[in-house]
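Please read it alongside the model.

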Amino acid sequence: MGGVPGCPGWGICATLAKGASKASALRRKIGFIEPHDIPGTGLHASTATVRKISSILGYVLVRAATTIAPLRTEIREYALPEIPPDAGLLQVEAAGVCGSDWRAYNSDGPPRILGRENVGRIFRIGPIAAERWGLKENDRVLLEEYLPCGRCHLCRRGEYRLCEQTESRLPNPLRYGTTPVSEAPGLWGGYSQFQYLHPASVFHPLPNSISAEIAAMCIPLGNGFQWTAIEGGIGPGQSILIQGPGQQGLACVVAAKAAGAASIIVSGLKNDEKRLRVAKALGADHTIDVEQENLEERVRELTAGQGVDLSIDTAGGENTIVQAIRATRKGGAVLIAAAPEANPVEFQFGDLLARRLTLRPCRGHSFQAVETALQYAASGRSPLYLMSTHKFKLAQVDQAIRAAGGRGASGAIHVTVFPWT
Ligand SMILES: [Zn+2]
């Protein structure tokens, strides 16, 4: 391998130099570019290298883990698409596995490339897009999953995560990690070497100092800041109960700690023992195993009989919202971040009225919340690496999603896929 001056060591330069540029051989080479570490990034083939090969061959094939049926993913190859002047292409460095990927992976639907917490470098950018986005080739970015219309009243209010155009619960949403490959140009997800950049993309410029897996984690971490601080209003001196120590619950712990909460209580099940230890390391003051202790009694014990100022249910268990209501002080607030499969039988509206509780559903993140998460991650003030538990290759996307869904490798909190490995 190598042997050609300037060759980074992945072999194709030698192949070309020998005149052995048979299209079929090169096709495989392009599809399976060999590892070439770029210091300080998770990329394994520089954008310059891929661009050079693209110019020689006139095309590049993109490998993407494509979900073709419930719980079935296969590697498919796609032509690197041409882009219009108002769009672009991302060379994907890493894609975090969203907690909702497991639900999407279980559901029927047309073939699609999942992956919605995507980090990478701008590979191609049209002149209109460059002006609109304020970006250029090789810029490193974190991409939000939303592709909002930019015109509706929700978008105008900055609530673009709720825009109907990008609403994942409606048919045919325009959204990264959701839109099917049949919708041109097909590369809508992060479990792919390249991703199409639609004109409505929402970017966050990313310094090299943040690792790819931590950057991808800033999407769920943004949810933590959105729910806990921006919507929940948690602040210095206040108490909070967070149910569920998964990636969303732990993101809320990080955000509550950053906001100065005086008492952070996290509850989980017996098999959450390791996650509850991570919660403590991230700033939780108390953890509760609800299979060993009565949640309401323990919370009241920890809050001088009052209950917490704010509860956030990220567990979505059979009766967790009822427990949250009972563990929250009079006049406090209860946020619902996950819904149970069936309405809880013990839920009583009278409890809300009697104790003047605010019940508020929360979902997704604002631009500000993700920016705050990125700034906090860059500060190094929290051991966020404890949440990054598993890394997978492109060919292991099935295992990655199963791990994040609690059905595969054990102990997963936040899982990352590196498409160039
Ligand atoms: Zn809109």
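## Loop residues with positive phi

Ala304 lies in the loop between helix 10 (295-302) and strand 11 (308-313), where helices (H or I, at least four residues) and strands (E, at least two) are DSSP runs numbered from the N terminus. Its phi is near 55 degrees, a positive value in a residue other than glycine, and Ala304 counts as exposed, with 8 C-beta neighbours inside 10 Å. A residue is exposed if 12 or fewer other C-beta atoms, placed from the backbone, lie within 10 Å of its own, buried if 20 or more do, and partly exposed in between.

Asn138, in the loop between helix 5 (127-133) and strand 5 (140-143), also has a positive phi, of about 80 degrees, although it is not a glycine; Asn138 is partly exposed, with 14 other C-beta atoms within 10 Å.

## Basis of the model

This is a predicted model, in which local features need pLDDT of at least 70 and side-chain atom pairs count only at pLDDT 80 or more, while totals for chains, interfaces and linings use all residues. Residues are numbered from 1 along each chain as its sequence is written.

## A cis peptide bond

The peptide bond from Ala184 to Pro185 is cis, with omega near 0 degrees, and Pro185 is placed in the loop between helix 6 (153-156) and strand 6 (194-197).
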